[in-house]
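Dear colleague,

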Amino acid sequence: MRRKILLPLLAVAGALAAAGPAVAQGYRQNYGYAAPNDPMASGGGRGTYGGGFIEMLMTGRDPTPYGRGGAVYNRPGGYAYGQRMQPQGGYEPDPFEAARQPRATRRMAALGEPVEPQQGIQQIVDPRFRKQEVAYDGPHKPGTIIIDTPQRFLFLVQPGGRALRYGIGVGRPGFSWAGMKTITRKAEWPSWTPPGEMLKRRPDLPRFMAGGPDNPMGARAMYLGSTLYRIHGTNEPNTIGQAVSSGCIRMTNDDVTDLYERVRVGAKVLVI
């Protein structure tokens, strides 16, 4: 039985051996590559079985270009001998490129391996919105708070024609307002109970949140009259200088803490 199988295989091997030079020529045309002393390219030397399964069966050698020491690719973006091969013109982007990137630069959290850094919320406040002392020549007494909504500034009038200016976040379009109010209450690390109108717009919000670093009211709050509006801190300092709130005036936690220590209950707040 073994002789009956072997004889046809030998006949096929003989036929393919004659095609050896043609196969080598095909590799040169298709891949632009021929390894030095490559028996497949020369058609001579050791092994002339035509390559493929027959050569591996008869010689035990790997007949592919990889087995002969050459890394051969017919698509761009490959590597040969550790060197990057430049893609040829006319090729589309290599769909395998991402898989060749170093593993450390890919997200591998599921395997407990290093995870590429993710950019968080921008924490830098525009320098023009940082606290500073400025000149003031208006009619209001020291201790008065003036909120300039269009310019995104809060002024605390000081003696001697001076004022402290802070950057603020204000109500988004449709939620801004103006008028004279009075600070009726102050609170440190205030809790937050979203009003019913806000819950209608945002039913996903909690019904109550205790005070703390995660609370959107921030470190301090000053309540304005009998309204729902407050001057308060924020855990999103990137919103300072923006119109994003539901009408409250927000400050960085450092600034609202500083203001909180300087004003008293009963202070006037002018919103323009």
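**What was found**

Please bear in mind throughout that this is a predicted model. Phe129 and Phe153 are both buried. Their rings form a pair whose centres are 5.5 Å apart and whose planes stand at 50°, so the pair counts as tilted.

The structure has three aromatic pairs, and one of them, formed by Trp177 and Tyr229, is stacked, with 4.7 Å from centre to centre and 10° between the planes. Because Trp177 is in the loop between strand 7 (170-171) and strand 8 (179-188), and Tyr229 is in the loop between strand 9 (220-224) and strand 10 (230-232), this pair ties together parts that are 52 residues apart in sequence. Trp177 has a relative accessible area of 14% and is buried, whereas Tyr229, with a relative accessible area of 26%, is partly exposed.

**The sheet and the helix packed on it**

An open sheet of nine strands runs in the order 3-6-5-4-13-8-9-10-12, and its pairing is mixed. Strand 3 and strand 12 (249-250) stand at the edges with a single partner strand each, so one side of each is left without a neighbour in the sheet.

Tyr260 is a residue of helix 6, and since its relative accessibility is 10%, Tyr260 counts as buried. Leaving aside neighbours within four places in sequence, Tyr260 is in contact with Lys186, Ala187, Glu188, Arg220, Ala221 and Met222. Of these contacts, Lys186 has its charged end over the ring of Tyr260, 4.3 Å from the ring centre, although the two residues are 74 apart in sequence, with their C-alpha atoms 7.7 Å apart in space. Elsewhere, the charged end of Arg172 sits over the ring of Phe175, also 4.3 Å from its centre.

**The nonpolar cores**

The largest nonpolar core has 22 residues, and those with the most contacts inside it are Ile145, Ile147, Leu154, Ile231 and Leu259. Two or more residues come from each of strand 4 (145-148), strand 5, strand 6 (162-167), strand 9, helix 6 (253-262) and strand 13 (268-271), and helix 6 gives the largest share, three residues. If neighbours within four places in sequence are again left aside, the contacts of Ile147 include Phe153, Leu154, Ile168, Ile231, Ile249 and Val269. There is also a second, separate core of ten residues, which includes Val125, Ile146, Val157 and Ile240.

With kind regards

Technical notes. Residues are numbered from 1 along each chain as its sequence is written. This is a predicted model: local features need pLDDT of at least 70, side-chain atom pairs count only at pLDDT 80 or more; totals for chains, interfaces and linings use all residues. Side-chain values use heavy atoms; hydrogens and water are left out. Rings of Phe, Tyr and Trp (its six-membered ring) pair if their centres lie within 6.5 Å; planes under 30 degrees apart count as stacked, over 60 as edge-to-face and the rest as tilted. Buried means under 20% relative accessible area, exposed over 50%, partly exposed in between (1.4 Å probe, protein chains only). Helices (H or I, at least four residues) and strands (E, at least two) are DSSP runs, numbered from the N terminus. A charge sits over a ring if NZ of Lys or CZ of Arg is within 6 Å of the ring centre and within 35 degrees of the ring normal. A nonpolar core is a set of buried Ala, Val, Leu, Ile, Met, Phe, Trp, Tyr and Cys residues joined through side-chain atoms within 4.5 Å. Contact means heavy atoms within 4.5 Å. Two strands pair if DSSP finds at least two bridges between them.
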